[in-house]
Every structure is written in structure tokens, then in C-alpha cells.
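Hi everyone, thanks for coming. Please have a look at the structure on the screen, and I'll walk you through a few spots in it.

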Amino acid sequence: MLNTLLPVLIFAALGLAVLGAFRRAAMWRNGRAAKVDLFGGLLAMPKRYMVDLHHVVARDKYIANTHVATAGGAVASIVLAILVHGFGLHNRVLGYALLLMSAVMFVGAIFMYLRRRQPPSRLSKGPWMRLPKSLLAFSGSFFIVTLPVAGILPDNFGGWLLAIILGIGVLWGICELFLGITWGGPMKHAFAGALHLAWHRRPERFGGGRSTGLKPLDLTDKTAPLGVEKPKDFTWNQLLGFDACVQCGKCEAACPAFAAGQPLNPKKLIQDMVVGLAGGTDASFAGSPYPSLDGKGKPIGEHGGNPHQPIVNGLVDAETLWSCTTCRACVEECPMMIEHVDAIVDMRRYLTLEKGATPNKGAEVLENLIATDNPGGFAPGGRMNWAADLSLDVMSDRKTVDVLFWVGDGAFDMRNQRTLRAFVKVLKAARVDFAVLGLEERDSGDVARRLGDEATFQMLARRNIKTLAQYDFKRIVTCDPHSFHVLKNEYGAFDGHYLVQHHSTYMAELIGGGALNLGQHKGSSVTYHDPCYLGRYNGEYQAPRDVLRALGIEVKEMARSGFRSRCCGGGGGAPITDIPGRQRIPDMRMEDIRETGAELVAVGCPQCTAMLEGVVEPRPMIKDIAELVADALLDQPAPAKPAAARREPAEAH
């Protein structure tokens, strides 16, 4: 009976799965065109899946091992089941191979089942709770029906009752794995995820690469949408990426806005985009809702849409988009390498450019950038007041220098001026040939771009690039990771290609080359806060710690440090849009700091300094790394040493 039934079930399910694949692809194709290497991506997909993706999954050893057993066993079992029971190749070697792979899959499914008995709050429930049982049914049923093929049991063993039971188990398993993979369900990620890796929006991320710069809008194309209003305004491979979500909730657990009780949950946001892709409501979402001020969460089932309806006030509320700090913690943690921040900024662009709906002080800041070239609206002529007594060289006088010091809009902030003056002291102590742009410098455009005002960003970028083209310099150094990121990774799209370094990287190079004569840090214990735009965006974690170590400081690391550092809440225009939550993000970060017992926090970003110093005292002292180095400088010049190899800045594209 089973020898007749199994081929029918397998090929019927395969046929329906193929139909589902075409249906799913048609949904993705609702999106706008995107340039991808279709064939090359498919060839690269196995490596991306087994190496690049596994590197992310491997951070959780339990899940990594479970995934290898379950996914690897499933792929091999499906192929072998089609050969043995579909095509009837009752070869003993193939039979033993199928027994082995189904057993491996069964063991992996058991560990998955154990994990699901008391799942972390970040995991979606609902259909995902049945997945381990479905995998157990598939692997267990095929293991038993393959025993006669391997010669371990006789044909037709067990009689009709066992045949019926096994038939039900096989049907249950292949429905989940064959139909669910393309029609919808927990296994959908296996199909969409593989193609997402093949045709990823940022293929540069694979092979150890880095890609974090926002993609520009073509403002000269009058037919192109200014941002994303409806799901169909995303590119088709973005929609494919949303469909690849496994609802593991690692993005949710990493999100500072979610932890603060602001109305953002990255996992829910991606699932809302999937609802928009297929049409319907979020009533079936089985994870944590968007937080709300009352602590109960926003109700499920009240939001819906389709590919042709507006997203905001349909699928999501505008305040969800404005809660994001663009810290990329969600992207860094995502095991499917989904680009949450790109999607959020794309939707912000529509709200800002088309609707003029930037909340709170957003419109004022954007107007200031247009009128005064800085977000605070300060008179541009005051940009160099902080250095009135420092006798700094200006590029318009020098024309050619080794280092162009990009000051940034911290020039208008009295607290950050201390950092700038400290770094100038360091540069002079190292006898660096440097100059500043002075009154020719404009805002880098970072805030405008994160708030969705691509037009103002491009205006500022082109003006700065035109100014920089007049001068000859070897590198740009800045104390601001946001300016560093924009100059290094986003100006290139407008033909602005420069060697850009964060001041911590450059100071590490100066110290390594013996250019600075430093004493030892005298005082309290120190912890270091990793800025998002230096760390997750640009991969620079080591240089700041090298500088602190050179000062004799042993960093007391926070529980969340390095690539898992918690955002201070100062990025992405979040302090400007100021969406309320149950607590403030910098207060949460300060609790991380207090847990270390450190009395001083070393930072490397003016936004981080402002946010952490905004926490109510008592709290540890906050100092920029440049201030710590300047404090440790000794009067006598550094002894001459052979120049060390230049430290390359972190690679990013």
C-alpha cells in the first residue's frame, strides 16, 4: 500500500509546491525593479548559506548545532525520499543513507522541541509551536517506511494499521515541508531565505565584507517614488527579504527602542511588511506586539493592508518608524541578514519628502540645515569660535596638508568643543601636518538623511564634495562617527572618495608609531561605550581599546559591548523626533555602565557624550578618548622611533 501511496503523495506535494513557488514569486514581483546577478547569486547561495549565514547563527551554539542537524538532515532526507520512495529506487545504500539522514533530522527536531517547551519571549509562538512536531512526524515516518528498503525489516510489515498511521505521518510531514515551504507557514523561510541570500540587497555583506551606507534616491528621475509609500514601492528583493524572516526575535531582543517601551518591534515591523506583501491583517501574528505606554502593547488585528495600499496608518503607525535609532543592532543580530534599517529609512523618506510629516522638532532641524548648514540653526560664521585661540591652519590658506580635520557640528556645542580642543592638542603634540575647512565646512548631512530628507542630504553632500575637491590631503580625520560614516561610506555615491578615519583609529596609529609621549591614566576605573556608527556600522572595536590600553587603562567591559553594544539613543534623529516610551534609552545604557562599577566612561562620539551626560546624576563621569589622551600627554617630546605600519581604517562600503 505504502509503495503505491508514497509516490502519489510526494509528487502531488511537489507539484503543489512548485505552484506555490510561482505564486510567491509573483507576490515578490509586485515590488520595483532591482539590479541583481540572478545566475551568479544562485551559484553563490550555498556558500552564503553554509558559511556567511552560519557565522551569525553560530553565536548561539545550541541553535547552531540544532539547525545543522535539522536543516541539513531535512535537505538530505527530502532529496533521498524523492529518489527512494518517489522514483522507487529501492537501493540498499540509498536506504541506509535515508535512514541516517532522517535520524539526524529527528535528533535535531527533538532539540528544537525541547527549546520550544519553554521558549524565550522573543520567539513567535502560534504555528511555530507545531513545527518541531511536524519535523518529527516527517523524519520518524520516513525512517520507519525506509527500514524495508535497507533490508532491516520485511516488506509489508505491520499490516494495514501501521500503513495508515505511517501514511498520516508522511502526509503531515510533507505538507509542512513541501507545501509550507512555498504556500506559507513556518517553513516558508527555507525557500524565501535561500533566494534572499542569492539576490540580497547588499551582496557586499557576504565573504566577510561590510555594507552599511544607505542607498541614494535618484532625485532626477521624475517617475521614481520618493521613498516608500506602499509595499509595492519596495524593490522586489526587499520584499523577498521580508518574506525570509524566521520570527526568531533576535532583532526584538537587541532593539533599544523596544526595550525602552517605544512603539517599535523590528520583528513585528518585518511581519507587517509580509502582511502587506500578501494582503490581510496582522491578526495571526503570534509574537510580541508593538509596545505602548500602558505596558499592554498595541492590539493585534487592527492593522492591515495590501501591496497597493499605504503602509502608514494601514500596516503600521508613523511613530513606529520614528522610534528607530538606526543603530543596526537588529541587522547585526538577524540570522537571515534582513535589512531592517534600509526599510525604515525608505518609509521615512516618503513621510518627509512627500508628506512633510517629520514629527516634533524634525521640520525645524531640516529647515535649519537648509538655512544655516547646521541642525541647531546657529549662525554659520560662528563655526570656528571654539578655536579662536588655537591658531589653526585653514585649508583655504594651506591648500595641501597630510590630515584634514573634519570638525563637524560639535563646533557649536560647548561640551563637544572640549573634545575638539583636546584632539587638536593631541595633533599638535604629535606634530601632525593638519588643517580645518573653517567656515567652508558644512554639516555632513547625516541627520537629514536618517530623517528621510534625501534632497537636503544630497545638497549638503555635493557642496562638501565640491569644497573638498579644491584641496589636496591624504586623509580626513574626525571625532564624530556619524560624519566618519557618511564621508567614508555614503559620499562615494556622489564621487566623493576619501580615506577617512575616526580619531580613535588615528590616535592608535600615532601611538603605535611613537609620535606621542604619554603618561599613565591616573584615577578611577574605566569602561568603554562602543558608538553604533563606529562599531556596528564600520567594524572598529579595537582601536579605541588599544588607545585606552596605551594609557594603562584596563577596560571594565559592559555585558553588552562590541557588536552587541547597546545604543545610547542618539542616532537616527531619535532625539529630534522624540517618540516617548516607558523609559529613556540612555538611562538603560547607564544601568549597563553602573553594573561594571566603573567611575568613568570613555566615549568616542559627541552624540553618545550628550546622551549619557543627559542622565540624571549621580552617575559616572563621561570623557571622550581624545580628552583622556590629552590629559596623559607629557611635556617633553616623544623619543624618535621608526614609523610603524599605518593602521588601515575599518573597511566599509
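Let's start with Val-403, whose bridge partner in strand E4 is Phe-434. Helices (H or I, at least four residues) and strands (E, at least two) are DSSP runs, numbered from the N terminus.

A word on where this comes from: it is a predicted model, where local features need pLDDT of at least 70, side-chain atom pairs count only at pLDDT 80 or more, and totals for chains, interfaces and linings use all residues. Residues are numbered from 1 along each chain as its sequence is written, and side-chain values use heavy atoms, with hydrogens and water left out.

Now, strands E3 (residues 400-406) and E4 (residues 434-436) pair in the parallel sense, over three bridges; two strands pair if DSSP finds at least two bridges between them. E3 also pairs in the parallel sense with E5 (residues 472-478), over six bridges, and there Trp-406 stands opposite Thr-478. How many of the seven residues of E3 are buried? Five of them are, where buried means under 20% relative accessible area, exposed over 50% and partly exposed in between (1.4 Å probe, protein chains only).

Next stop, Thr-577, in helix H23 (residues 574-577). Thr-577 counts as buried because its relative accessibility is 0%. Leaving aside residues up to four places away in sequence, Thr-577 touches Trp-322, Pro-359, Asn-360 and Leu-451; contact means heavy atoms within 4.5 Å.

Last, confidence: mean pLDDT, the predictor's confidence in each residue from 0 to 100, is 94 for the protein. Over residues 649-653, though, pLDDT stays under 50.
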